[in-house]
Amino acid sequence: MSYYDFLFVIEVLVGGLLSGVMYSLVAIGFVLIYKTSGVLNFAQGSMVLFAALTFVSLVERRVPFALSLLITFAVMVALGFTIERTVLRPLVNRSPMTLFMATLGLSYIIEGAAQLIWGTQVHGLDLGIDDTPFEVGGVLISSFDLLAAAIAAAMVAGLSAFFYWTRIGLAFRAVADDQFAALAVGLRLPRIWGTVWTAAGFVALVAGLLWGARLGVQFSLSLIVLKALPVLVLGGFDSILGAIVGGLIIGASEKLAEVYLGPFVGGGIEGWFAYALALVVLLVRPSGLFGQKTVERV
Amino acid sequence: MAVQALDAARLPVDWVKLVQKLALPTALFVVAYGVVPAYASGYLVEAILLPFLALSLAAVGLNLLTGYCGQLSLGSSAFMAVGAFAAYNFNLRVEGLPLAGTMILAGISAAGFGVVFGLPSLRLRGFYLAVSTLAAQFFVQWALTKFGWFSNDNPSGVISAPHLAVAGLSLDSATGRYLLSVTTVMVLTALVWRLVNSATGRNFIAVRDNETAARVIGVPVLRTKLLAFAISSFIIGIAGVLWAFTYLRTVEPAGFNLDRSFQILFIIIIGGLASIRGAFLGAAFIVVLPLFLSRLGAFLFGGLFDSGVLDMSQRIVLGALIIIFLIAEPSGLSALFDRLKRRIGSRSS
């Protein structure tokens, strides 16, 4: 392998790792909700779409950038608490599968509503980030991807700090640990769930802005949920660290496979490769790399 | 002796019960083979009954896996696609294969596929499994589009369904296709009904309700799960054949996408999990709902809204219905039906 081949491998690898961060960004939203309520929230993708569409439509109506951001966040807060009130509360104590199917229904509602309100056309989203690749030691790196990675890192740091040093963060962890015990010591579950869904809405907003700037804001944005799912199972549903590591692994191996394996099978394998990879890992570790192992009792 | 006498005394009552029991199936039979072929319009058959029958069968199959055995699958339409394409290829490449043979072979192909993608279920639980069934969904769609062999190297990838005939009788007319569908669905549903009332069916339920407990009392969990995947995929595969051959009249990978998988899942949620009747009620609901909503939209608002708006509103209504059913009637239309029957029964007596 020549030097240039080597450089090419590195470039593919770095590109893959950075796009993996974009997957993690979506996966974190899932983890937040799964950790505290045991719900696999299929609607996360449609929340990404909803947030991005709301933001971009506000900006297009000449609302200032910061104000749009604030309004969108307020909308996501309202959405989070509405979901808690109308969907989660009536379904409390039901099986996780029931809740999952409810979020499937929820994703139809949110997708439909987002496009009904704001229309179905594709919106361009310019965050004012300039996307010129720059060179480090002969390897081209996209500055946009790098910034996205930095934002993701900042968000994870922020979330971790929030979880460890605030009172509500402590309550989150208590609920994640044992819902009944948390209820018994007087934590208000509805409020906590509402807050968690809000936090997930915030993550969806960030993911929506970055992905929207990348792909344009349109219906297909909600399909990134399908990109995040293998990341999620690979890392384990209840680990933020798992979401990050899973994203990096999936991103890197997906790009490498596309370049080196793709030509042998006719290409286009990115649709299922991540799933196959996640499956292989799962066969060895059935609850993902960092997921909590469940102990089953009769 | 006393027991025998008691039995003899009960006999006349049993006759009444038997008649009551046979009344509904007989009525169904008369409607399915007498009334519908004779009176139903082409539109009713083509636009409502054919998709209804294919989707019902797919829902029966998924219900076996998800409703009875508790293994959530998000890849149903992949198995439909395997069935449809297998049938197309068997029909194309095997000279003189009768239609029934083609369908059974297609079902077996889908079943083999189902077992392969069911293997992870031996290790994985719950959502981890559900996500891994998505692998089947994306892999199958990719393979069918990528390799031209499956669609006989047709450049567009869209192929028309072959001529349908049983024992020299052509079934290409709408009525013929309807009769083929309805017969297939009835036979398979009867088999499934037998299965869920057998020991195997009870094993399915035991695995669903508590896998560890099932293992403890001696249910062969691994074999039961794989069997559920195999039989469910067999049925869904044949449903795929019906969908492609009798309803769409074309075979194309794009029709078997994730939305179709969700649609089948929605059918069994709305109809009622672990209920065969529920699969049919749910399918009827899902097939008729969009037609009803678009008529209603046109009636209420005229041409005020374009089809895009209508489409979005349908999505919202469907999503809301799912949630409402999960909250208010977790056992679905099937339970609603039961309650209605009881109420009518108590009023008349």
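1. Residues 6–32 of chain A are 100% helix and 0% strand, and their end C-alpha atoms lie 38 Å apart. This is a predicted model.

2. Helix 8 of chain A covers residues 189–215. At 1.5 Å a residue, its 27 residues should span 39 Å. The end C-alpha atoms are 37 Å apart, which agrees. Of the 27 residues, 22 are buried, so helix 8 of chain A is largely enclosed by the rest of the structure. Just after this helix comes Gly216(A), with a positive phi of about 85°.

3. How do helix 1 and helix 8 of chain A cross? Their axes come within 9 Å and cross at roughly 175°. Angles over 145 degrees count as roughly antiparallel, so helix 1 of chain A is roughly antiparallel to helix 8 of chain A.

4. Which residues meet there? From helix 1 of chain A they include Met22(A), Leu25(A), Gly29(A), Leu32(A) and Thr36(A). Among those from helix 8 of chain A are Trp193(A), Trp197(A), Ala200(A), Val203(A), Ala207(A) and Trp211(A). The residues of this contact divide into 18 nonpolar, three polar and no charged.

5. Lys255(A) deserves a look. This lysine lies in helix 10 of chain A, residues 240–260. Is Lys255(A) buried or exposed? Lys255(A) has 23 C-beta neighbours inside 10 Å and therefore counts as buried; the cut-off for buried is 20 or more.

6. What does Lys255(A) contact, leaving aside its neighbours within four places in sequence? Its partners are Val12(A), Gly15(A), Gly16(A) and Ser19(A). Lys255(A) and Ser19(A) are 236 residues apart in sequence, yet 9.0 Å apart in space, C-alpha to C-alpha.

7. Now the chain A–chain B interface. Here 38 residues of chain A are in contact with 35 residues of chain B. Helix 4 (96–118), helix 9 (224–235) and helix 12 (273–284) of chain A each supply at least two residues of the side that touches chain B. Helix 4 of chain A gives the most, with 16 residues. The residues on this side of chain A divide into 27 nonpolar, nine polar and two charged.

Technical notes. Residues numbered from 1 in each chain as written. Chains lettered and ligands numbered in written order. Predicted model: local features only at pLDDT ≥ 70, side-chain atom pairs only at ≥ 80, totals over all residues. Contact = placed C-beta atoms within 7 Å. Helix = DSSP H or I, 4+ residues; strand = E, 2+ residues; numbered from the N terminus. Nonpolar A, V, L, I, M, F, W, Y, C, P; charged D, E, K, R; others polar. Expected span 1.5 Å × (residues − 1). Buried ≥ 20, exposed ≤ 12 C-beta atoms within 10 Å, placed from the backbone. Axes fitted to C-alpha atoms, helices over the stretch in contact; angles between N-to-C directions. Parallel < 35°, antiparallel > 145°, perpendicular 65-115°, else oblique.
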